[in-house]
Amino acid sequence: QVQLVESGGGLVQAGGSLRLSCAASGSISSISTMGWYRQAPGKQRELVADITRSDSANYVDSVKGRFTISRDNAKNMVYLQMNSLKPEDTAVYSCNARGILGGSLFGSWGQGTQVTVAS
């Protein structure tokens with residue numbers, strides 16, 4: 001099993017920045033991809049960005065050029081640097097880890113952290 005704990009959410013003015021952190025513990029070696037998802041009120045959860053163990057990153061179009069995902073495998077951490085924040089970025093952001101454990105695919109989630117961008 002993999003456990004994930006997020007931190008770094010909060011309230012920020014439009015145009016500001018926040019950095020989210022996610023600490024992984026447990027069966028770390030089984031993780032292949034880590035990522036950040038978000039869910040705004042009344043909307044479906046969407047992938048914001050993810051990154052593989054070899055640092056290949058993928059972003060949803062709406063955050064390209066503003067958000068940067070990074071991963072520190074030695075510290076079992078993944079980060080999401082969010083710049084030029086917009087009110088539409090307001091959501092609960094959740095960390096995700098997926099991989100193969102015991103021959104089966106798995107996906108683990110953190111508890112989520114609220115990001116609120118005021119206009």
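**Learning to read this model**

Q: How many residues lie between E9 and E10 in their hairpin, and which residue in the turn has a positive phi?

A: Two residues separate E9 and E10 in this hairpin, and Gly 102 in the turn has a positive phi of about 65°. By the way, this is a predicted model, with residues numbered from 1 along each chain as its sequence is written. Local features need pLDDT of at least 70, side-chain atom pairs count only at pLDDT 80 or more, totals for chains, interfaces and linings use all residues, and side-chain values use heavy atoms, leaving out hydrogens and water.

Q: In what sense do E9 and E10 pair, parallel or antiparallel?

A: Here's the general idea: strands of a sheet pair through backbone hydrogen bonds, either parallel or antiparallel. Two strands count as paired if DSSP finds at least two bridges between them. E9 (residues 91-101) and E10 (residues 104-109) pair in the antiparallel sense, over six bridges. To see one of these bridges, find Arg 98 and look across to Gly 107 in E10.

Q: Is Ser 108 buried or exposed?

A: Buried means under 20% relative accessible area, exposed over 50%, and partly exposed in between (1.4 Å probe, protein chains only). Ser 108, in strand E10, has a relative accessible area of 9%, so Ser 108 is buried. Ser 94 in E9 is buried too, at 10%, and Thr 33 in E4 counts as buried with 10% relative accessibility. Over the 119 residues of the protein chain, 42% are buried.

Q: What does Ser 108 touch, leaving aside neighbours within four places in sequence?

A: A contact means heavy atoms within 4.5 Å. With those neighbours set aside, Ser 108 touches Val 2, Leu 4, Cys 95, Asn 96 and Ala 97. Thr 33, counted likewise, has contacts that include Asp 50, Arg 71 and Asn 96. For Ser 94, the list includes Glu 6, Trp 36 and Trp 109, not counting residues up to four places away. Among the contacts in the protein chain with a separation of 6 or more, 55% join residues 24 or more positions apart.

Q: Which residues touch the most other members of the largest nonpolar core?

A: A nonpolar core is a set of buried Ala, Val, Leu, Ile, Met, Phe, Trp, Tyr and Cys residues joined through side-chain atoms within 4.5 Å. The largest one has 29 residues, and Met 34, Trp 36, Leu 80, Met 82 and Tyr 93 touch the most other members. Elements giving two or more residues to this core include E1, E4, E8, E9 and E11. Take Met 82: beyond four places in sequence, this residue contacts Leu 18, Leu 20, Phe 67, Tyr 93 and Val 115, among others.

Q: Where are Asn 76 and Ser 84 found, and what is the phi of each?

A: Most residues other than glycine have a negative phi, and most peptide bonds are trans. Asn 76 sits in the loop between E7 and E8 and has a positive phi of about 60° although it is not a glycine. Ser 84, in the loop between E8 and E9, also shows a positive phi, near 50°. At 23% relative accessible area, Asn 76 is partly exposed; Ser 84, with 41%, is partly exposed as well.

Q: What are the spans of the C-alpha trace along its principal axes?

A: The trace spans about 45 × 25 × 25 Å.

How values were computed:
Helices (H or I, at least four residues) and strands (E, at least two) are DSSP runs, numbered from the N terminus.
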